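Me: I have a new structure to get to know. Can you walk me through it?

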Amino acid sequence: MRTAMGFKAEAMAKRIGIVGGGPAGLMAAEILSARGHAVTVLEAMPTIGRKFLLAGKSGLNITHSEAYERFVTRFGAAGERLRTALDAFPPADLRAWATGLGTQTFVGTSGRVFPTVMKASPLLRAWRARLGGQGVDIRVRHRWTGFVPGGLSVETPGGAVDIEFDAVLLALGGASWPRLGSDAAWVDGLAGQGVDIAPFRPANCGFDVDWSPLIVERFAGAPVKGVTARSAAGTIPGEFVLSKAGIEGSLVYAHAAALRDALETAGMASLVLDLAPGRTAARLSADLARQGGKASFSTRLRKGAGLDGVKAALLRECVADATHLGPDALASAIKALPIHLVRPRPIAEAISAAGGVRFDAVDEAFMLKALPGVFVAGEMLDWEAPTGGYLLTACFATGRAAAAGMDRWLCNAP
């Protein structure tokens with residue numbers, strides 16, 4: 001049986017093209033080659049797994065150890081559609097898979113899971129060796145340029161070629177970090193084929209703030225530690241960094257989706273800080289009131305609230321006439337300091353992106369309804385999650401789920 005794109009669904013048809021050599025594509029290649037299919041991975045960049053390797057430079061956060069029922073809530077509106085894929089490859093299975101490739105993992109103090117070697121490269125090398133042993137043909141510098149009847153058109157170092165496949169998996173990533181290959185160049189081509197695609201937006205990103213010259217000159221790059229931050233995402237402890245443009249870092253990323261959505265819908269958003277989460281407002285007020293009337297503002301903050309440096313600078317920056325506030329008002333400002341945001345940082349700087357192929361455009365097997373025989377996985381799909389191992393886990397899980405769906409389709413299984 002041939003489809004409109006020319007891909008066949010027959011039990012003996014086993015030529016599979018996977019476009020994209022990131023975690024989702026490589027995981028699909030592993031599953032499909034293990035089931036006897038002839039798999040070719042087409043990667044536009046000079047090497048596979050470039051974003052994966054970058055993520056591992058400071059310690060590869062491969063998944064998270066929190067209770068699974070809590071884990072599956074981290075994917076927002078897409079959680080229900082991702083649940084089957086995650087159930088089939090939960091964090092415990094991902095850790096076991098890594099162990100099978102010779103990479104032991106451990107749970108950090110935050111609950112995040114890392115390889116003991118704190119690098120991505122050993123895992124990727126072992127994975128590539130396994131794929132090679134299973135007959136996977138990995139072709140780098142091979143850029144997919146479009147569909148042709150029965151296959152794909154590909155630009156190679158030797159020129160343009162058409163390659164026949166019986167089914168195709170697209171795992172081209174989203175729109176963040178385009179220099180590593182996820183440039184969303186595929187959007188117009190799929191949209192032209194009738195695939196419904198949600199616009200890409202930055203996720204896990206920093207935000208611009210209209211800082212005064214003093215903040216930029218004296219505190220750009222300074223970490224802000226030992227605080228909690230509040231938004232519609234909740235109240236979360238952690239730390240972040242002041243940049244010349246605004247704010248960035250793990251605590252900001254935890255609130256990024258809520259702040260981005262507020263900016264889009266209301267035109268304004270603030271990240272509200274508690275600069276002294278270990279003390280109540282009443283305790284702070286009393287401690288501040290004990291400072292002598294002749295004490296400077298800096299001394300009052302340091303002795304009465306334990307604030308100096310970047311925290312004191314933020315208080316001066318974000319609260320008009322902070323130096324003239326009485327103990328009660330100053331304590332309130334310390335406990336609820338709003339940083340008013342202007343806009344998210346550009347999507348090219350974001351760790352990940354929201355948007356992509358809408359779930360209504362794919363069936364339960366992750367096959368495009370508009371293009372039978374073409375499957376999608378990973379960050380091409382319209383979902384987002386915070387940092388902490390959730391992004392990688394879902395990429396691995398959707399790659400496996402799409403591979404299983406493709407295998408059933410090729411064999412005409414229900």
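What follows is a short chat about the chain and some of its parts.

Me: What should I know before reading the numbers?
Reply: This is a predicted model: local features need pLDDT of at least 70, side-chain atom pairs count only at pLDDT 80 or more, and totals for chains, interfaces and linings use all residues. Residues are numbered from 1 along each chain as its sequence is written, and side-chain values use heavy atoms, with hydrogens and water left out.

Me: OK. How many helices and strands are in the protein chain?
Reply: The protein chain has 14 helices and 20 strands. Both are DSSP runs, numbered from the N terminus: helices are H or I with at least four residues, strands are E with at least two.

Me: What does the C-alpha trace span along its principal axes?
Reply: About 85 × 40 × 40 Å.

Me: And how much of the chain is buried?
Reply: Of the 414 residues, 53% count as buried. Buried means under 20% relative accessible area, exposed over 50%, and partly exposed in between (1.4 Å probe, protein chains only).

Me: What share of the contacts comes from residues 24 or more positions apart?
Reply: They make up 69% of the contacts with a separation of 6 or more. Contact means heavy atoms within 4.5 Å.

Me: Let's zoom in. Which residues of α11 are buried?
Reply: Helix α11 covers residues 297-305. Its buried residues are Phe297, Thr299, Arg300, Leu301, Gly304 and Ala305.

Me: What covers them?
Reply: The cover includes α10 (281-289), α12 (309-318) and α13 (327-335). Just after α11, Gly306 takes a positive phi of about 70 degrees.

Me: Pick a residue in α10. Where does Leu288 sit, buried or exposed?
Reply: Leu288 lies in helix α10. Leu288 is buried, with a relative accessible area of 2%.

Me: What does Leu288 touch?
Reply: Leaving out residues up to four places away in sequence, Leu288 touches Arg300, Gly304, Ala305, Pro327, Leu330, Ala331 and Ile334. Arg300, Gly304 and Ala305 are among the buried residues of α11.

Me: How far is Leu288 from Gly326?
Reply: Their C-alpha atoms are separated by 8.6 Å. Along the chain the two are 38 residues apart.

Me: Switching topic. How do α4 and α14 cross?
Reply: Helix α4 is residues 79-88 and helix α14 is residues 390-410. Their axes come within 8 Å and cross at roughly 80 degrees. The axes are lines fitted to C-alpha atoms, for helices over the stretch in contact, and angles run from 0 to 180 degrees between N-to-C directions.

Me: So are they roughly parallel or roughly perpendicular?
Reply: Roughly perpendicular. That label covers 65 to 115 degrees; under 35 is roughly parallel, over 145 roughly antiparallel, and the rest oblique.

Me: Which residues make the contact?
Reply: Leu82, Ala85 and Leu86 of α4 meet Thr393, Ala394, Ala397, Thr398 and Ala401 of α14.

Me: What about phi of Asp321?
Reply: Phi of Asp321 is near 55 degrees, a positive value in a residue other than glycine. Most residues other than glycine have a negative phi. Asp321 lies in the loop between α12 and α13 and counts as exposed, at 56% relative accessibility.

Me: And Phe366, buried or exposed?
Reply: Buried, at 6% relative accessibility. Phe366 is in the loop between β19 (352-357) and β20 (374-376). Phe366 has a positive phi of about 70 degrees, although it is not a glycine.

Me: Last one. Where is Ala96?
Reply: Ala96 is in helix α5 (residues 91-100). Ala96 counts as partly exposed, at 48% relative accessibility. The C-alpha atoms of Ala96 and Leu337 are separated by 44 Å.
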